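Q: I'd like to learn how to read the features of a model like this one. Can we go through them together?

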Amino acid sequence: MTDPLPPTRRNRASLTYKLRYAARNPDKIRGYLSRLSRDLKFRAVSRDHVAYYRAVMKSDTARDPEAAVGSRSHGRWLALGRMQFDYLLEHGLKPDDRMLEIGCGNLRAGWRFIDHLETGNYYGIDISPDILLAAQKTLVRHDLADKLPHLMLVDDLKLRFLPAGHFTVVHAHSVFSHSPLDVIDECLANVGRVLAPGGFFDFTFDRTEGAEHHVLREDFYYRTETLTRLAERHGFTARFMADWEELPHGQSKIRVTRPESPEESPAGP
Ligand SMILES: C[S@@+](CC[C@H](N)C(=O)[O-])C[C@H]1O[C@@H](n2cnc3c(N)ncnc32)[C@H](O)[C@@H]1O
């Protein structure tokens with residue numbers, strides 16, 4: 001039995017979808033039930049989404065850090081990092097860029113960025129202490145200590161401890177796909193301050209063309225317009241990166257930039 005709907009039309013939170021999925025994948029029911037019970041437990045004890053997702057990362061990283069960032073095998077971990085790196089290289093990343101990676105995980109792409117960038121020009125932030133410890137191991141494995149990358153634990157995306165106008169490239173891969181809208185809003189409200197003139201912020205998201213929904217508090221599906229409008233409300237110009245869709249990755253990508261002049265601003269002069 002095949003699913004009649006393309007991925008962007010599926011509502012994974014609906015009962016119909018869940019029942020059909022369970023019928024087609026009986027081997028996944030046990031795993032889903034254990035995620036559901038973990039979800040209930042973490043929601044009960046977490047003060048907000050960041051605390052909730054930090055607990056998810058702690059539990060997933062203890063099992064396997066590469067699986068915790070979404071890769072089923074080391075081969076996939078390498079391939080997904082390369083995909084992000086190659087794409088960004090083709091879309092403007094230069095060795096003298098100053099890069100902020102939001103939700104850097106265990107440096108699946110980060111180690112390649114660090115290798116490419118000039119010493120000291122990579123700054124990775126994450127809400128999970130466990131995955132940041134795994135990130136240190138990635139640095140050691142790839143012999144990148146001399147590149148002096150910065151890795152910082154954060155509790156929110158206000159970015160107050162970072163300097164204004166500093167970063168020429170900001171990158172967030174597979175982070176907004178795990179974030180409710182208030183977290184994305186906080187990020188977009190604050191990232192403009194740390195972007196250098198002419199800099200850009202690329203992020204991926206799980207795209208739906210139907211009703212926006214989420215599965216547990218782990219996976220969030222948004223319409224493109226929701227995120228482009230939100231970016232525009234924070235004074236950015238937002239561009240859907242259509243060529244990213246050609247790559248074998250389930251998510252979509254948006255690039256936001258600051259308009260060069262007030263006339264170019266989505267809100268007008
Ligand atoms: C699916 S992993 C992707 C990691 C990395 N970007 C990559 O491509 O390998 C998502 C990462 O984002 C982090 N994260 C989730 N929400 C975050 C937030 N609000 N601020 C910073 N990091 C966040 C998680 O802890 C996790 O390391």
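Q: Is Arg 207 buried or exposed, and how do I tell?
A: Keep in mind that this is a predicted model. The general idea is to look at relative accessible area, where anything under 20% is called buried. Arg 207 comes out at 17%, so Arg 207 is buried.

Q: Which residue forms a salt bridge with Arg 207?
A: For a salt bridge, you look for a side-chain nitrogen of Lys or Arg within 4 Å of a carboxyl oxygen of Asp or Glu. Here the partner is Glu 245, with the closest N and O atoms 2.8 Å apart. The two are 38 residues apart and link distant parts of the chain: Arg 207 sits in strand E5 (residues 195–207), while Glu 245 is in the loop between strand E8 (237–240) and strand E9 (252–257). Glu 245 itself is partly exposed, at a relative accessible area of 31%.

Q: How many salt bridges does a search of the whole structure find?
A: The search turns up 18 salt bridges. Lys 158 meets Asp 156 side chain to side chain, at 3.7 Å from N to O. Glu 186 also forms a salt bridge with Lys 158, and there the closest N and O atoms are 3.5 Å apart.

Q: Which residues are linked in a network of salt bridges?
A: The network here takes in Arg 35, Arg 38, Asp 60, Glu 218 and Asp 219. Asp 60 is a handy member to zoom in on: Asp 60 lies in helix H3 (residues 49–63) and counts as buried, at 18% relative accessibility. The side chains of Asp 60 and Arg 38 are also joined by a polar contact of 2.6 Å.

Q: Let's move to the ligand. Which residues come nearest?
A: Start with the shell, meaning residues with a heavy atom within 4 Å. There are 19 residues around the ligand, and Gln 84, Gly 103, Arg 108, Asp 126 and His 173 come nearest. By type, the shell divides into 9 nonpolar, 7 polar and 3 charged residues.

Q: Which atoms of Gln 84, Arg 108 and His 173 lie by the ligand's oxygen and nitrogen atoms?
A: Sort side chain from backbone here. On the side-chain end, a polar atom of Arg 108 is 2.7 Å from an oxygen atom of the ligand, and an N or O atom of Gln 84 is 3.0 Å from a ligand oxygen. His 173 uses its backbone: an N or O atom there lies 2.9 Å from a nitrogen atom of the ligand.

Q: How much of the ligand's accessible area does the protein cover?
A: Compare with the ligand on its own, which has 590 Å² of accessible area. The protein covers 99% of that.

Q: What about backbone angles? Where is phi positive in a residue other than glycine?
A: Asp 143 is one of the places to look, with phi near 55°. Asp 143 is in the loop between helix H7 (129–141) and E3, and is exposed, with a relative accessible area of 68%. Leu 216 also has a positive phi, near 50°. Leu 216 is in the loop between strand E6 (213–215) and strand E7 (219–222), but counts as buried at 9% relative accessibility.

Q: And how do I read the overall shape?
A: Hold the radius of gyration against what a compact globule would give. For 269 residues that would be near 18 Å, and the protein's 19 Å agrees. The C-alpha trace spans about 50 × 45 × 40 Å along its principal axes. The secondary structure comes to 9 helices and 9 strands, and 49% of the 269 residues count as buried.

How values were computed
Residues are numbered from 1 along each chain as its sequence is written. This is a predicted model: local features need pLDDT of at least 70, side-chain atom pairs count only at pLDDT 80 or more; totals for chains, interfaces and linings use all residues. Side-chain values use heavy atoms; hydrogens and water are left out. Helices (H or I, at least four residues) and strands (E, at least two) are DSSP runs, numbered from the N terminus. Buried means under 20% relative accessible area, exposed over 50%, partly exposed in between (1.4 Å probe, protein chains only). A polar contact is a pair of N or O atoms within 3.5 Å; within protein, one must be able to donate a hydrogen and the other to accept it, and residues adjacent in sequence count only if both atoms are side-chain atoms. Accessible areas come from the Shrake-Rupley method with a 1.4 Å probe; for residues, only the protein chains shown count as cover. Ala, Val, Leu, Ile, Met, Phe, Trp, Tyr, Cys and Pro count as nonpolar, Asp, Glu, Lys and Arg as charged, and the others, Gly among them, as polar. The radius of gyration is taken over C-alpha atoms; the globule rule is 2.2 Å times the number of residues to the power 0.38.
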